[in-house]
Structure formats: C-alpha cells, structure tokens
Protein chains: 2
Amino acid sequence: MAYRPQLTQASRPATFPVTATDETGNQVEVEIAGEHPLTLYLDKHEIVTLMTLGAAPEALIVGYLRNQRLVNNLEEIAAVQVDWETEAAAVTTRHGVENLDRRLEKRTVTSGCGQGTMFGDLMEEVGHLHLPDDAELTEATMYALLDNLRRYDTLYKRAGALHSCALAKGSDILYHIEDVGRHNAVDAIAGMMWLDSVDGADKIFYTTGRLTSEMVIKAAQMGIPFIVSRSGITQMGYQVAQQVGITLIGRAKGSHYLLFTGQQRFRK
Amino acid sequence: MAYRPQLTQASRPATFPVTATDETGNQVEVEIAGEHPLTLYLDKHEIVTLMTLGAAPEALIVGYLRNQRLVNNLEEIAAVQVDWETEAAAVTTRHGVENLDRRLEKRTVTSGCGQGTMFGDLMEEVGHLHLPDDAELTEATMYALLDNLRRYDTLYKRAGALHSCALAKGSDILYHIEDVGRHNAVDAIAGMMWLDSVDGADKIFYTTGRLTSEMVIKAAQMGIPFIVSRSGITQMGYQVAQQVGITLIGRAKGSHYLLFTGQQRFRK
C-alpha cells in the first residue's frame with residue numbers, strides 16, 4: 001500500500017448563504033463561496049497564508065509543498081494537521097527541510113493572479129522537464145470529458161467566485177476540486193496525486209482558469225502531457241507550453257476549442 | 001500642478017498573434033494576451049516579480065507600492081524606470097524606505113489567486129478605514145456605466161485571458177486597465193489615481209474579477225465607496241465589505257445584479 005502521512009480531514013463547507021437584493025428589488029438568498037485564511041507552518045516555520053475554499057485543505061498543503069519544491073518526497077511528510085480554529089496547517093517532516101531558512105530568504109514573490117513564490121526556480125526547472133511522447137488524446141475523448149465535467153459545474157455556477165480543476169484519464173474524472181484561486185485548485189490536485197501515488201503521464205489536466213505561465217509549469221511538473229482549459233492563454237503560457245512540449249487546448253467550451261501546442265498528441 | 005515622479009513610458013503591446021488549430025481543423029491566427037515578468041527594485045532592494053500584461057507598468061509599480069503600504073506619499077517617489085530588456089522596474093525614493101529590511105522580513109505571502117504580500121497588515125487596517133456616507137449611486141447610473149464599459153471589452157473578449165478594472169465617476173469611465181491578474185489591474189488603477197491626485201470618495205470601482213477579501217480591502221483603501229463586479233463574491237469579501245461599510249454589487253451583467261452590502265448608498 002502507498003505511504004500516507006498522518007492527515008486530518010478538516011474540510012470546510014463550500015458555500016454560505018447571504019441575503020442580497022436583486023434587480024427586481026427582491027431580497028434573495030444566495031450562496032457565496034467560502035474563503036478562509038490557512039497559514040502553513042512547516043516544522044514550525046511560517047511559510048505562507050493561503051486563502052482557500054477549504055474543500056481539501058490537507059491535499060492543498062501537500063500539493064503546495066510539492067509544487068513549490070519545499071518537500072521532494074511524500075515520505076518526508078510525517079503529518080499534516082489542519083485546524084480551522086487557529087487557521088493553521090501544521091506540517092511535520094521526518095528529517096527537517098534542508099536549508100529552509102536560506103530557501104525562504106531567497107524566495108521571490110510573484111504575482112499576476114499568481115500565488116507563486118519561487119517562480120525563478122520553477123522556470124529553471126522547465127528546461128529539464130520531459131513529457132511522454134506516446135500519450136494520445138482524441139477529439140471524441142476530449143468532448144466526452146467536457147461533457148462529464150458539466151455535471152460538476154454546480155458549485156461554480158451557484159457561487160460564481162471559484163475556479164475548478166480536474167484530473168482525468170480519458171473522459172473519466174479522477175479528481176475534481178474547486179477553490180477561490182486557480183493555484184490552490186491545481187496544488188490540491190498535485191497533493192491528491194502524491195497521496196494516491198497517481199502518475200501524470202497518461203492523464204489530462206482540466207482547468208476553468210486562464211493558462212498563465214505558472215499554470216502550464218505546474219501541469220508539466222506533475223508530468224501531465226495534456227492541458228485543457230475553458231479560458232484563454234497568455235503569451236508566456238504559450239511559450240512555456242512550446243518549450244516543454246505539452247499539448248495545450250484552450251477555449252474549450254461546447255463544441256469549440258483551440259489547439260495551441262503539442263499537436264502531435266492530438267487526433268481529430 | 002500635482003507632483004509627478006520621473007516616469008518612463010514603457011508599455012508593451014497588449015496581444016501577440018499565434019497560430020492555433022480550431023475544431024474544424026483549420027489553422028487560425030489568434031491574438032493572445034502578453035505576459036511579462038517585471039521585477040520591482042525599491043532603492044535597489046528586490047521586492048517582487050509581477051507577471052503583467054505591461055499596459056501601464058509605471059502606474060502598476062506606483063500602485064503596488066501604495067497598496068502594499070511600502071510608500072506612503074507619492075512625493076516620496078523620485079523616479080520609476082521600467083526597462084523591459086532587463087525585465088526590471090527601478091524605483092528611487094527621496095529618503096529611502098524606513099525599516100525596509102524588517103518589513104520585507106515579516107511579510108507573509110498570501111494566495112488564493114491573491115498577489116498579496118502583507119495581507120495581515122492590510123486586515124489590521126480595515127478597522128480604521130472610513131468611507132463617505134453621503135455618496136450615492138442610482139440603478140440608472142450603474143446601468144449606464146455597464147453600457148459604457150461594453151465598449152472597452154474588445155481586448156478581454158479577443159484574447160480571453162485577462163481581467164479588467166475601471167474607475168468611474170457616475171457613468172463616466174476615468175481609467176480602464178486590463179492585466180493578466182486581477183490584483184495588477186487594481187494596483188494600476190491605484191497608481192493612476194495617485195499620479196493624477198484623484199480622490200476615491202465619489203468614484204465607482206469596477207472589476208471583471210471575483211470579489212475576494214483582498215479586492216474589497218484594496219478598493220476600501222483607495223477610499224472608494226462603490227464596487228461593481230461582473231463576477232461573484234467570496235465569504236471573506238462579503239465580511240470585509242460589511243465591516244468597512246462599502247457598497248458592493250456583484251454579478252452585474254446585462255440587466256442583472258446582486259446588491260450585497262451598503263444598501264444605503266444605492267437608489268433604485
């Protein structure tokens with residue numbers, strides 16, 4: 001059986017009802033998305049405060065540590081304890097994190113609706129990533145996946161302040177996660193993959209969010225050869241996609257899509 | 001005349017053409033949004049790398065310094081020099097920033113599609129903010145503003161990976177800015193307001209983005225009593241809006257809207 005750290009199961013309710021006035025002047029009860037600060041302490045060092053929906057906080061924390069390259073093996077993580085009372089996620093490692101102080105010192109905060117610390121380091125890694133050449137996605141499978149994803153759209157549609165991400169094998173959805181930030185959603189997927197020992201090589205990463213450089217880098221880091229997004233792509237997202245040779249499909253909605261890069265893995 | 005620091009005028013082209021394959025199998029040329037790293041150096045200290053469209057980089061940098069409370073008066077800024085060759089924005093202050101090292105040390109990186117450093121400090125400030133009680137917005141004016149905003153939608157619609165923000169007085173749009181991140185767009189508006197000595201008290205802040213806590217805090221910091229968004233709101237955005245007493249309207253699209261907080265300033 002795959003190794004699992006000791007984990008709490010501290011998910012928060014996804015939505016909260018509030019009363020608003022609509023254009024007819026009526027008082028209506030609407031569901032709004034939860035947003036909670038969660039401060040990550042790695043062996044008692046404060047690392048980051050994530051603003052999250054809180055649907056899968058343990059997976060989010062594990063995926064954050066993975067994607068930021070703060071922990072290199074799941075086995076290094078002994079426990080993740082999320083406590084909403086103190087808004088804290090305490091992570092205990094087995095042997096400590098090497099050079100943590102130095103690594104935190106040199107971190108560069110990046111932005112652009114980006115979560116991102118340590119972006120510079122991630123960009124350096126891009127050159128070393130290799131995605132499988134033999135993976136294939138057909139148009140019919142992609143349409144079937146988009147169809148399946150429609151069933152998951154309820155919270156996104158109801159509360160309207162969320163991004164969702166999914167990991168799929170063919171048209172089968174393995175994970176689906178929503179969060180107030182694009183980066184939290186993809187980090188939570190990365191955490192789930194680690195916790196369940198799921199490999200990215202034959203998977204498809206789906207996001208409702210825009211394909212900025214950081215999103216493409218994260219999918220490539222997880223070894224996933226396909227990204228499908230409902231939204232558009234930025235110039236740096238496109239450049240990174242070309243560089244790592246990922247198959248990138250944007251504006252996928254209804255029967256429309258735009259295949260931007262990695263054409264060789266896609267069959268009509 | 002209002003004080004102006006020495007500024008470059010280094011805007012970047014908003015979109016770049018790439019070739020994609022659409023669902024009919026045709027090669028189509030599409031415009032995608034620019035995304036460029038821009039590293040802020042404050043008196044030669046590296047502060048942050050922003051990923052930006054680059055439409056108004058000097059205003060973005062000034063607004064970032066303002067919203068992060070790194071500089072308290074525009075007069076403190078002697079020069080902002082943006083150089084895309086080196087991807088750097090060099091800011092020179094008149095007297096240096098007090099306790100910069102200590103302030104950078106204690107910064108907490110926040111996330112959730114949030115740019116935000118120093119979120120904790122911002123939250124502390126919320127209690128001290130006061131917005132004008134006598135400002136008023138009528139439904140007719142809001143509809144007229146939404147109508148005017150439609151003319152600005154072209155780039156957002158064309159490239160599809162952008163957020164836009166606007167500052168309006170009544171239905172008149174004073175500034176309109178697009179960026180790859182919600183926070184960059186609002187920071188650029190804050191910078192323009194500072195550079196032009198524009199007060200927020202009788203203005204409306206519009207955003208296509210979601211109203212998370214950080215967005216509401218930033219609008220309140222600028223002294224703007226009205227926020228209108230095309231998107232939804234999160235629970236913390238709602239709580240902050242209640243706390244500072246801002247008038248917050250979400251889901252404003254076509255003839256629909258939801259008035260969440262600050263009803264006393266809104267007239268049907």
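The model is predicted, so local features need pLDDT of at least 70 and side-chain atom pairs count only at pLDDT 80 or more, while totals for chains, interfaces and linings use all residues. Residues are numbered from 1 along each chain as its sequence is written, chains are lettered from A in the order in which they are written, and side-chain values use heavy atoms, with hydrogens and water left out.

Let's start with the cysteines. A:Cys165 has 1% relative accessibility, so it counts as buried (under 20% relative accessible area, with a 1.4 Å probe and protein chains only). B:Cys165 is buried too, at 1%.

Now for A:Lys203, which sits in the loop between helix H6 (182-195) and strand S11 (204-207) of chain A. Helices (H or I, at least four residues) and strands (E, at least two) are DSSP runs, numbered from the N terminus. A:Lys203 counts as buried because its relative accessibility is 7%. Beyond its neighbours within four places in sequence, A:Lys203 is in contact with residues including A:Leu167, A:Leu174, A:Ile224 and A:Phe226 (contact means heavy atoms within 4.5 Å).

Over in chain B, the axes of helix H1 (residues 57-67) and helix H6 (residues 182-195) come within 6 Å and cross at roughly 90°; axes are lines fitted to C-alpha atoms, for helices over the stretch in contact, and angles run from 0 to 180 degrees between N-to-C directions. Among the residues that meet there are B:Tyr64 and B:Arg66 in H1(B), and B:Asp187 and B:Trp194 in H6(B).

Key:
Buried < 20%, exposed > 50% of the residue type's maximum accessible area, 1.4 Å probe, protein only.
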